[in-house]
Amino acid sequence: GRRNQMAMKQVFEQPPWWMRLRPWARGFDRPLAIAMGVLAVVGLIVMYSAGYDHGTRFVDHARNMVLAALVVLAVAQIPPQRLMAVAVPLYGVGVALLVATALFGITKKGATRWLNVGVVIQPSEILKIAVPLTLAWWFQKREGRTGPREYGVALVLVMVPTLLVMKQPDLGTALLILSSGLYVLFLAGLSWKLVAPVLALGAVGITALIVFEPTICQPDVRWPLLREYQQHRVCTLLDPTTDPLGKGFHIIQGMIAIGSGGIAGKGFMNGSQTHLEFIPERTTDFIFAALSEEFGLLGVLVVVAGFTFVIFRGLVIAAAAPTVFSRLLAGAITLGFFTYAFVNMGMVSGILPVVGVPLPFISYGGTAMVTVGLGLGILMSIARNRRLIQT
């Protein structure tokens, strides 16, 4: 009777849309998803204020976030084994696009970083994911062996795209690609005997820069390996007051905005440095200064707490990953996310050179947003795959 009719109805009628979506959400890492949601909301609020007179910046930012969320959702459904299968093709396509950019790319402000393939893209963004993906595949293929040959091949795979991106020139993205590869090498078991001398050399170099800054930052002194504008960025970091209306303007205005925010900030849409346009690139690289001015130390702590939780959760996922590939990939993506946040906040605060690194979820930029979504989607895939195996 009635019970049979109900059963027949359930068979022939489709379930509600929210029930059809449940398999997609099954096994998701909820703490990571909540932290991502908090950062996304903060990003929308800050962009509404910082981009109020930038036409459709807020609408475009919201669209980019939706696109990144769809990327997270889609990539999370792909098992790590299939991700491993696309590692080498993705790396090859990325390097090929970098070569095409060098030959046929679009030049803006003296840099050739973009390529028109029907839509304008920045191919270097692909390598931020492709490099750690390929290195994790390489060490998985070598079954965890970590000899000179393994590290030599891995270093070549890192340096090829890094040098191509530096040639554009784009020092910020090159450093992100390089760091993502070095994280994999470190997590794969690179000896501290090799890491410590590099760190010591870096510390000596920084100390020498600070001590000899009056001498080495003279106009007629040229440094090897760095272009003139890159050298100026480092010298301006050491003493931005030497060119307050030129090279030092970004750093000085950023620090003024951060300091003037105080504990609770000046309030939403009330930032004078932001709305009087003293902060350059206030919707992209320097949006952290706008956030600090309007929401103060409390707003900054919310953002830092969100980034810290994402990084902590990513390292937990990496530690629990069942294979060499997924462990190295999750760890490198997580530490890469840390690099994004640390470098952006550091350059806006005046403790690092200005190198053009966006703040995840907060800064405007479609390609960068999708790249972040791709990385977090891979983290979700690794976490989801482990949970489904356990259940």
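Trainee: By class, how many nonpolar, polar and charged residues does the lining of the largest cavity have?
Mentor: Bear in mind that this is a predicted model. The cavity in question holds about 180 Å³ of space, and 15 residues line this largest cavity, with Ile 129, Ile 333, Gly 336, Phe 337 and Tyr 340 the closest to its centre. Gly counts as polar in this classification, and the lining by class comes to 9 nonpolar, 5 polar and 1 charged residues.

Trainee: Which element gives the most to the lining of the largest cavity?
Mentor: The elements that contribute two or more residues to that lining are α8 (124–141), α10 (171–187), α17 (324–349) and α18 (366–390). With 5 residues, the element that gives the most to the lining of the largest cavity is α17.

Trainee: How many cavities of 30 Å³ or more are there by this rule?
Mentor: A cavity here is a set of points where a 1.4 Å probe fits but cannot get out. With the cut-off set at 30 Å³ or more, the count of cavities comes to 3.

Trainee: Where does the largest share of the lining of the second largest cavity come from?
Mentor: The residues that line the second largest cavity include Tyr 340, Pro 358, Phe 361, Ala 368, Met 369 and Val 372, and by class its lining has 9 nonpolar, 2 polar and no charged residues. The largest share of this lining, 3 residues, comes from α18.

Notes
Residues numbered from 1 in each chain as written. Predicted model: local features only at pLDDT ≥ 70, side-chain atom pairs only at ≥ 80, totals over all residues. Heavy atoms only, no water. 1 Å grid on protein atoms, 1.4 Å probe; cavity = no way out; pocket = protein on both sides within 12 Å on 5 of 7 lines; lining within 4 Å. Points joined across faces, edges and corners; volume = space filled by probe spheres on them. Helix = DSSP H or I, 4+ residues; strand = E, 2+ residues; numbered from the N terminus.
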